Amino acid sequence: MERIIVIGGGYAGLAALSELRQLSGEREILLIDPGTGHELIPELPEALRQHDPIEEHIVSYGELLRDTGIIHLQRRVVGISAQEQFVVLDSGEKLGFDWLVLAVGSVTAYPPIPGLREKSLPLRNAWDTRVIKDQLKYAQDQRIVVVGGGLTGVEVAGILAPDHDVWLIEGAPRLLPALGVGLAQYAKERLVRAGVKVILGQKLVRVEDTTLVLERDELHYDVLIWAGGIAPPPWLRETTDLPLDSRGYPRVSDQGRLTERIFVAGDLWRVEVDGEMVPQTAQLASLAGDYVGRQLTLALAGEPLLPPFRPSLRGMLISLDTGIGVGWVIRGGIPVRGSSARTLKNLSFQQYRLKLARLFGRGWPF
């Protein structure tokens, strides 16, 4: 029996599995992921609130995959041989595959700034969220410094502001480069109104035990959260027979294919449309996973593949605090801000959970 392996149970991996589960009686389908459940990554900043349990933002693989025929192997992949068609597990075991979906996600990117990796806390998964939450006192005399003014950094700063002395640092001249200038300015104004102190246009030079050294200023911190970008897993660079670019990302075709038998989805697929990079979000990962799952189904049937991937994003929404958000919706980008944007953001969380329940035949809610 042919074996299909999906590495990674994130948004891309689960989307691919939802397409492939119809084949579970004919082929062995295996999900390899070290966790116990699907982590709802866009919701994790919300889980930093004092009385918001992290567990409510994780969907158990046991519940999700029950009766689907899909097997969850709770291991970590540390290597791949494309030529010999096997993956290497953290146990040292080699596991063969006939087809592979590489949806392993990304890791925190650390530029060569002295002290940054050792002193800062990232926010990429539920484990990181627990580590940060354990450091929080939920008191205004505790200073939280968030470095990185993208989607994650802005949301974390806004959510922590009511209970902490929060500072947001961004080396660029404005926040949220994925949004237009007007929406980014609105986000900054709302954060400042909520009590966040925003420093723009100063790069981080080094990190000391309790001090952040910027190009022109120094800033004391009690907890330092790094939200400065992502990178591919380091072990990919050690895989000698995969085509990778200079940054270690797979060189994926516009049809999601890396080799004849390997497809890629999620953060590892740097999707370009009309020469522009599409922001790596959970929404893009889910769309890419759907697409790759269909591609693999067609390849197994010996049918022509789909046209090149051109994702149609439904919008981008960022939480600024408990009641306010900013972003855009609908293709073409209708700007939204204020309480309506926050309501739409909350609705998107529920819609995704409902989609999962429908795709995997589960009850509602999880």
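Modeller: Before we start, a contact here means heavy atoms within 4.5 Å. And this is a predicted model.

Biologist: Fine. Among contacts between residues at least 6 apart in sequence, what share joins residues at least 24 apart?

Modeller: That share is 62% for this chain.

Biologist: What secondary structure does the chain have?

Modeller: It comes to 8 helices and 25 strands.

Biologist: What radius of gyration does the chain have, and what would a compact globule give?

Modeller: The chain has 21 Å. A compact globule of 366 residues would be near 21 Å, so the two agree.

Biologist: And the spans along the principal axes?

Modeller: The C-alpha trace covers about 60 × 40 × 40 Å.

Biologist: How much of the chain is buried?

Modeller: Of the 366 residues, 53% count as buried. The accessible surface comes to about 16400 Å². Carbon and sulfur atoms hold 50% of that surface.

Biologist: Switching to helix α8. Where does it run, and what should it span?

Modeller: Helix α8 takes in residues 339-359, which is 21 residues. At 1.5 Å a residue, it should span 30 Å. Its end C-alpha atoms are 30 Å apart, so expectation and model agree.

Biologist: Which residues in α8 are buried?

Modeller: A341, R342, K345, F349, Y352, R353, L356 and A357. Note that arginines R342 and R353 are on that list, along with K345.

Biologist: What follows α8?

Modeller: G361 does, with a positive phi near 65°.

Biologist: Now sheets. In what order do β15, β16 and β17 sit?

Modeller: The order is β15-β16-β17, in an open sheet with antiparallel pairing. β15 (204-207) and β17 (218-220) are at the edges. Each has a single partner strand, so one side of each lacks a neighbour in the sheet. From one strand to the next, the twist averages 20°.

Biologist: What holds paired strands together in general?

Modeller: Strands of a sheet pair through backbone hydrogen bonds, parallel or antiparallel.

Biologist: Back to this one. How many bridges join β16 to β17?

Modeller: There are 3, between β17 and residues 211-214 of β16. The two strands run antiparallel.

Biologist: What stands opposite V213?

Modeller: E218, in β17.

Biologist: Last topic, T108. Which strand holds it?

Modeller: Strand β10, residues 107-108.

Biologist: Is T108 buried or exposed?

Modeller: Buried. Its relative accessibility is 14%, and the cut-off for buried is under 20%.

Biologist: Which residues does T108 touch, leaving out those up to four places away in sequence?

Modeller: P122, R124, W226 and G229.

Definitions and conventions: Residues are numbered from 1 along each chain as its sequence is written. This is a predicted model: local features need pLDDT of at least 70, side-chain atom pairs count only at pLDDT 80 or more; totals for chains, interfaces and linings use all residues. Side-chain values use heavy atoms; hydrogens and water are left out. Helices (H or I, at least four residues) and strands (E, at least two) are DSSP runs, numbered from the N terminus. The expected span of a helix is 1.5 Å times one less than its number of residues. Buried means under 20% relative accessible area, exposed over 50%, partly exposed in between (1.4 Å probe, protein chains only). Two strands pair if DSSP finds at least two bridges between them. Axes are lines fitted to C-alpha atoms, for helices over the stretch in contact, and angles run from 0 to 180 degrees between N-to-C directions. The radius of gyration is taken over C-alpha atoms; the globule rule is 2.2 Å times the number of residues to the power 0.38. Accessible areas come from the Shrake-Rupley method with a 1.4 Å probe; for residues, only the protein chains shown count as cover.
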